[in-house]
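Biologist: Hello! Could you walk me through this structure, one question at a time?

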Amino acid sequence: MSSHALKIERGADGIVVATMDLPGHSMNLLNDELAIPLGGLADLLESDAGVTGLILTSGKKDFLAGADVDRLRRLSGAQEAFDESMRFKGFMRRLEKSGKPVVAVIQGMCLGGGLEIAMGCHWRIVVDDGKARLGLPEVKLGLLPGGGGTQRLPRLVGMQQAVQWMMEGTEVRAAQALSSGLVNELAPSRDEAMARARAWIAANKKPVQPWDGPKFRFPGGDSRSPAVVQMLAIAPSVAAAKSWGNYPALTHIMSSVFEGGLTDIDRGLEIESRYFAACAESPASKNLIGTLWYQLNAIKKGASRPAGVARSEVKKLGILGAGMMGAGIAYVSAKAGIEVVLLDTSQDAADKGKGYSKDILDKAVKKGKSTADQRDALLARITPTTDYARLKGCDLVIEAVFEDRAIKADVTQKAEAQLEASAVFASNTSTLPITGLAEASARPGNFIGLHFFSPVDKMPLVEIIVGAKTSPETLARGFDYVLQIAKTPIVVNDSRGFFTSRVFATYVMEGLAMLAEGVHPRSIEVAGLQAGMPMPPLALQDEVSLSLGVHVADQTRKDLAAAGIAYKEHPGERVLRRVCELGRVGKKAGRGFYDYDGGDKSLWPGLADLYPVKANEQPEQRELIDRMMFAQANETARCLEEGVLRSVADANIGSIFGWGFAPFQGGALQFINSRGLPEFVARSRELAARYGERFAPAALLVKMAEKGERFDEGQPAG
Ligand code: NAD
C-alpha cells in the first residue's frame, strides 16, 4: 500500500515505518496525495494482526508544515468546512484507538496539521538538532486548528498554555516542547530517534491516549477549575480589546478550548469542527488567505521581478550614512551573510552605526537566541569607515545619508568613482523622487530606490522604486537583494511619496482633518484602532514627528510650484502646521498631540481650546472609520490607475507590511473588493459630497464597478 507520497516499510518485527515524502514539493503538506494514504494507515493497523506498531516520520527536512491551503480555499460553505475537518480527524482518532502503538519521529518544522497529526500519536520524539519548530499557526490565516489541535493541545500542555500558543501562533523549539509536555522525548539524531521509537513500541504494546484513560485530568485543570475559569473570563475581553473584534478566530479558539474542556475528546473534536467552519467562512480568513498566502507567495516567487535576468547575489554591500537607517540595513545584510562597508563622515559615527548591530546581538546572546560566536562572526562582516576607497568591489551601494538632494548627489558621485560599471546604486530616500536623484549618477540605468522602513530589523517590507531610467536588470538585482536579506519586495514606479508614504499620509491627515471639524480626539483615535490600524492617527503623527510632516509638505509645495502643478491642500495640513508652530513637534520632544511623561502619554488637553469639540454634532464611529479606510483605499486605487503601483498583490502586501493597513481586510485594494465595487463607489461619492473632493472615487473604480469587475483576490494556481 506504499504510495509515492507515503512510503510504507514493514520490518520482521511487525513495525511499520510510514515516511511522508510528497513528490514535487520541498515540504510535506496535507493535500489528497498525502492525506489519503495517511488515512489508509488506520485500516492497516486495524485489519492486519501482524502489524505491531507504527512509526510516522518524514523523508524531508521537515516533518509537515501544515494544511493544504488550496483545499481550504476551495471549501464552499460551512457544511463542507465542517465535514472536511471531521474527515481529517477521523483517521487520527482511529489510529489512537487502534490498540497498537503509534510514534511520531519529528524533525524540522512540525506545524499546523503536522503537529495535529503528531499529537494524535501515542508518543512523540523530536530530533533535537536546533531546527525543530512546533506550533499551530492557523490563527495567522484567520483560522483555528481544526484537526484536533484545540482539543489535544490543551489536554497535553494545559489550557492556559494552549490558548496562548494558538492565539499567537507561537512556534516552540525542542526544549520547550519537551518541558511543556507537548512531546515526550528528544533525541540527538534521527537514527537515535528511530531506535528509541522502536524501543518504545516494544515496551508499550497497548498504549491508550491519556485522554482516553479513565483517570484523565487536564494539566492545570479543565474548564471548571477556578484558574481556568478566571483565565477564560479575562482572556476574551483582552483579545477583544486588542483586536477590536476584527479577528473572530481569536474568540473561536477560546470557545473551542473552553467548551471542549467541559466534555470528552470526541464531543470536543466535533465542537472544534463547528468553530473551524465559522472561521473558514469568515471574511477575515478569506481576506488573510488571499493576501497573506496567495499574493505574498506570488510576490516571493518573483511575480514583480523582470523575467529573463539571471538570479544575482550581493556579496559586498556599501552603505553610505551610518545613522538610524544605515545601521539597520547593515545589520540585516550582515545577518544574511553579506560583507558590509558602513561609511559615514566621521569614524565615530560609522562606529556608532556598527554599535547598533552589537547592541541587538548582545541582547540576543543574553536571551540565549544567539551565541557569542555567531555575534562575533556577524560583527566581523561589518567594516565601519570614512574612506570611500573601501567601497571597491561592492556589487551594491545603498545611500542612507540626510534627506538632502545636494548631499545625496555628492555621496553618489564619490561612491560611483570607486565602483565597477556593473554595480547598482540605491537610495533609501523616503520622499525624493528617484528619477531626480539619478541625475547625479553617471549611470542612471543602475540607479534605483530601495525604501526601507524603520526599525529596519523588524519591518518586513522594502519598497523598490523604479526611476525613469532604471534598467530591468537593476530592478531584478534590487529584487534579489531584498529576498536575500529575507524581506518582502514590492515594486513601484517613481512618484511623489512613492506608494507607501503617499497612502499612509492620507490616513493620518484624515484624522487631523476630523480634529479641525470638532470631532473629539478620543473618538478619532478609537476609530483608527477599531478600523484595525496598529496605531491611531494622532499618535502616529507624533511618532513620525509633526516637524517632518511640515517639512515634507513644504518640499512638496516647492517642487510642485517649480513644475507648474497646482497644489491641493489637505484640510489636515493646517492642523499639522498649527500644532507644530506651538512647538509641539511630536513624541521625541515629549509634546505633540499627546503629552509624554516617561512611558505614559495622554492626549494634550490644550487641543480642546484649539479645536473645540462640537459636543452635539459628533459623527458615528462608523463614519470616522469609513473616512480613514476609504481615504487609503481610494488613494491606493489612484496609485494603480496612475501606474505607480504595478500589481494588486504589491498594493495589498505593501499596505499591510508597510504601514499596518488592517490585515483582516486583506490590504487596501482587497478592502474595496470586500465592500463591493459599486458600493465603494457610491459611498465614496457620499463622502466626497460631505467632506471634499479627495473622496471622489478613482476613475478606475468607477469603470470597474460599471463592468462588474473586481481586483484579483489571490487564488490557487490552476
Ligand atoms: P539619520 O540622521 O539617522 O542618519 C543619517 C546619517 O548620514 C548620519 O549618520 C550622518 O552622519 C550621515 N551622513 C550625512 N551626510 C553624510 C555624508 N556626506 N557622507 C556620509 N554620511 C553622511 O537619518 P536616517 O533616519 O537614517 O535617514 C537616512 C535616509 O533614510 C534619509 O534619506 C531618510 O529620508 C531615509 N529614510 C528614513 C526613514 C526613517 O524612518 N527614519 C525611513 C525610510 C527612509
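Modeller: Gladly! A polar contact is a pair of N or O atoms within 3.5 Å. Please keep in mind that this is a predicted model.

Biologist: How far is a polar side-chain atom of Lys408 from an oxygen atom of the ligand?

Modeller: Lys408 is among the residues that come nearest to the ligand, as is Met325. For Met325, a polar backbone atom is 2.8 Å from a ligand oxygen. For Lys408, the side chain takes part, and the distance is 2.7 Å.

Biologist: How much of the ligand's accessible area does the protein cover?

Modeller: On its own, the ligand has 830 Å² of accessible area. The share of this that the protein covers is 77%.

Biologist: Which element supplies the largest share of the shell around the ligand?

Modeller: Three elements each give at least two residues to the shell: α13 (324-335), α16 (405-416) and β15 (447-452). The largest share is three residues, and it comes from α16.

Biologist: Let's turn to a sheet. Which residue in β7 is the bridge partner of Leu111?

Modeller: The open sheet has the strand order β5-β7-β8, with mixed pairing. Its edge strands are β5 (109-111) and β8 (171-172). β5 and β7 (residues 133-135) pair in the parallel sense over three bridges. In β7, the partner of Leu111 is Gly135.

Notes
Residues numbered from 1 in each chain as written. Predicted model: local features only at pLDDT ≥ 70, side-chain atom pairs only at ≥ 80, totals over all residues. Heavy atoms only, no water. Near = heavy atom within 4 Å. Polar contact = N/O pair within 3.5 Å; in protein donor to acceptor, adjacent residues only side chain to side chain. Areas by Shrake-Rupley, 256 points an atom, 1.4 Å probe, with all protein chains shown as cover. Helix = DSSP H or I, 4+ residues; strand = E, 2+ residues; numbered from the N terminus. Pairing = 2+ DSSP bridges.
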